[in-house]
Amino acid sequence: MGVPYVLYLGALPLVNRVEPVVLGLPFLFVWLLGATLLTPLAVWLTWRGDHRR
């Protein structure tokens, strides 16, 4: 369940940039948007793995 932590905090110093621009948005914004969309998937996969026990 460390995926959201790594996406939000662990990689933040590496992606804290205005350039490059992706789809007209700063890279940091795109990174945080992707992390927000991947977090429910990571939580669901963790719940699914724990639910089988």
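What does the accessible surface of the protein come to, and what share of it belongs to carbon and sulfur atoms?

A: The model is predicted: local features need pLDDT of at least 70 and side-chain atom pairs pLDDT 80 or more, while totals for chains, interfaces and linings use all residues. Residues are numbered from 1 along each chain as its sequence is written, and side-chain values use heavy atoms, leaving out hydrogens and water.

The accessible surface of the protein comes to about 4300 Å², and 72% of that belongs to carbon and sulfur atoms (Shrake-Rupley method, 1.4 Å probe; for residues, only the protein chains shown count as cover). Of the 53 residues, 13% are buried (under 20% relative accessible area; exposed is over 50%, and partly exposed lies in between, with a 1.4 Å probe and protein chains only).

The fold behind this surface has three helices and two strands, in the order α-α-β-β-α along the sequence (DSSP runs numbered from the N terminus: H or I of at least four residues for helices, E of at least two for strands). The radius of gyration is 14 Å, well over the 10 Å from the globule rule for 53 residues, so the protein is more spread out than a compact globule (taken over C-alpha atoms; the rule is 2.2 Å times the number of residues to the power 0.38). The C-alpha trace spans about 45 × 20 × 10 Å along its principal axes.

A nonpolar surface patch is formed by L38, L41, W44, L45 and W47, with about 530 Å² of accessible area together. Patch residues have over 30% relative accessible area and no salt bridge; like charges are joined within 9 Å, and nonpolar side chains (Val, Leu, Ile, Met, Phe, Trp, Tyr) within 5 Å. A salt bridge is a side-chain nitrogen of Lys or Arg within 4 Å of a carboxyl oxygen of Asp or Glu. W44 lies in helix α3 and is partly exposed, at a relative accessible area of 42%.

Helix α3 (residues 27–51) also holds F27 and W31, four residues apart, about one turn of the helix. A search of the whole structure finds one aromatic pair. Its rings, those of F27 and W31, have centres 6.2 Å apart and planes at 45°, so the pair is tilted (Phe, Tyr or six-membered Trp ring centres within 6.5 Å; under 30 degrees is stacked, over 60 edge-to-face, the rest tilted). F27 is partly exposed at 22% relative accessibility, and W31 is partly exposed at 26%.

F27 is also touched by R17, as is L28, not counting residues up to four places away in sequence (heavy atoms within 4.5 Å). R17 sits in the loop between α2 (12–15) and β1 and is partly exposed at 46%.

The loop between β1 (21–22) and β2 (25–26) contains L23. L23 is exposed, with a relative accessible area of 84%, and has a positive phi of about 55° although it is not a glycine.
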